[in-house]
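Let's take a friendly walk through this protein together. Have the sequence and the 3D view at hand as you read.

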Amino acid sequence: MAYGIEAEGNWADFRGSNVSASMPNDSIGTNTDSYGLLTGHIVYAYNTVLLYAKEGGAAVTHNTYYVDTASAGTENANDFDVRWRSALGAGAEFRLNPQWSAGIEYNHLFEEQQC
């Protein structure tokens, strides 16, 4: 068993939008274009398999928010923010040959709690 720390940065294109309930001609949307993680690792290796858990981590995202008018095809407003949250994850990596490996990983970024 081994322990470590990992930092990673990722480009993304996570988008979502919906029609405004109060102004039906407007569309409100969000775009997350990058995120990063800093996590501690607990690693277990057996033969050609590496299993690991990510714990006690931090996640950061860059988000853009916008309001568009569908009929005019114009953007009415936009804003952006950078959010810090906590993260957990797990993964497995398999050695295919001495030069190549393949793996799978799951990361959960926790949402902000509303009071």
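In which sense do strand S3 and strand S4 pair, and over how many bridges? In this predicted model, S3 (residues 49–69) and S4 (residues 74–97) pair in the antiparallel sense, with 19 bridges between them. One place to look is Asn63, whose bridge partner in S4 is Asp81.

From S4, follow the chain onward. A hairpin of two residues leads from S4 to S5, and these two strands run antiparallel, joined by 10 bridges. Here Gly91 has Glu105 in S5 as its bridge partner.

Strand S5 covers residues 100–109 and includes Asn107.

| Side-chain pair | Polar contact |
|---|---|
| Asn107 and Lys54 | 3.3 Å |
| Asn107 and Glu105 | 2.9 Å |

For a sense of scale, Asn107 and Met23 are 84 residues apart in sequence, and their C-alpha atoms are 36 Å apart in space.

Now turn to the surface. Met1, Tyr3, Tyr44, Tyr46 and Leu51 form a nonpolar patch there, and together they have about 670 Å² of accessible area. Tyr3, one of these residues, sits in strand S1 (residues 2–19). With a relative accessibility of 64%, Tyr3 counts as exposed, because that class begins over 50%.

Note on methods: Residues numbered from 1 in each chain as written. Predicted model: local features only at pLDDT ≥ 70, side-chain atom pairs only at ≥ 80, totals over all residues. Heavy atoms only, no water. Helix = DSSP H or I, 4+ residues; strand = E, 2+ residues; numbered from the N terminus. Polar contact = N/O pair within 3.5 Å; in protein donor to acceptor, adjacent residues only side chain to side chain. Patch = residues over 30% accessible without salt bridge, like charges linked within 9 Å, V, L, I, M, F, W, Y side chains within 5 Å. Areas by Shrake-Rupley, 256 points an atom, 1.4 Å probe, with all protein chains shown as cover. Salt bridge = Lys/Arg side-chain N within 4 Å of Asp/Glu carboxyl O. Buried < 20%, exposed > 50% of the residue type's maximum accessible area, 1.4 Å probe, protein only. Pairing = 2+ DSSP bridges.
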